[in-house]
Amino acid sequence: GDEAEAEAEAEASGSEEAEVWARQLAEAAPVVRLEGQPRRQRHGWTVTWSVARRWLGSYDRLDRVQVGGRHVYCRRGSSSRVLWFTAGFWHFGHIQYLGSQTAALFVADSAACPEAIGEEGVWHVGLPSRGWAPLHELRVRAGAEPPPQPRPLPSAMLPALVGLVIVLAASTGLRVWLGSSSAI
């Protein structure tokens with residue numbers, strides 16, 4: 001009676017979780033990025049950030065490589081820095097440690113893909129001869145780093161720029177019109 005119903009319910013719940021996990025793995029982003037902004041300290045960035053910032057950037061999924069049943073990602077521009085999953089933890093580390101629990105950064109989370117790591121997941125950075133330190137500001141997001149955006153020209157520079165165009169035009173013999181689309 002009640003025991004059989006409870007077992008059937010647990011089995012159905014487990015298969016739903018397995019389906020969600022399989023779907024997340026299948027839909028894993030082809031590129032992820034490790035990002036974060038350090039909190040400014042009174043005497044500059046902490047030692048923690050000086051280590052962690054070396055790992056920031058975009059990582060491409062290696063489609064034919066999996067460790068721990070999840071995709072492995074390789075840092076753009078570096079064949080030695082990778083992201084992988086092992087034993088309940090996501091790791092950023094050097095390729096020679098791929099599949100092990102030796103890493104520069106780790107977070108305890110069993111997400112199917114790194115972009116699905118929960119907001120409550122706290123990355124930890126390994127500090128030489130100091131152990132591990134939490135970095136709450138680090139996150140893995142889907143997608144590559146956005147290209148740098150051009151900064152808008154400060155409005156205070158506009159009169160000087162217009163003056164420069166007029167001087168250049170006059171010195172080269174070009175005719176310039178300002179403000180109207182009608183011909184001069």
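Predicted model: local features only at pLDDT ≥ 70, side-chain atom pairs only at ≥ 80, totals over all residues.
**Reading the cysteines and the strand order**

User: What relative accessibility does Cys113 have?

Analyst: Cys113 has 4% relative accessibility, and so counts as buried too.

User: How many disulfides are there?

Analyst: A disulfide needs a pair of cysteine sulfur atoms within 2.5 Å. By that rule, the count is zero.

User: Now the sheet. In what order do the strands lie?

Analyst: Read from one side to the other, the open sheet of nine strands runs S8-S7-S6-S5-S4-S3-S2-S1-S9, with antiparallel pairing. Its edge strands, S8 (131-135) and S9 (139-142), each pair on one side only. On average, neighbouring strands are turned by 30° against each other, direction ignored.

User: How many bridges join S2 and S3, and which residue stands opposite Gln66?

Analyst: Six bridges link S2 (residues 57-67) with S3 (residues 70-75), in the antiparallel sense. Gln66 faces His71 in S3 across this pairing.

User: And how do S5, S6 and S7 connect?

Analyst: Follow Leu105. S5 (residues 89-94) and S6 (residues 105-108) pair antiparallel over four bridges, and here Phe92 stands opposite Leu105 in S6. S6 also pairs antiparallel with S7 (residues 123-127), over two bridges, where Leu105 stands opposite Val125 in S7.

User: What should I expect of side chains along a regular strand?

Analyst: In a regular strand they alternate between the two faces of the sheet.

Terms used. Residues numbered from 1 in each chain as written. Heavy atoms only, no water. Pairing = 2+ DSSP bridges. Axes fitted to C-alpha atoms, helices over the stretch in contact; angles between N-to-C directions. Buried < 20%, exposed > 50% of the residue type's maximum accessible area, 1.4 Å probe, protein only.
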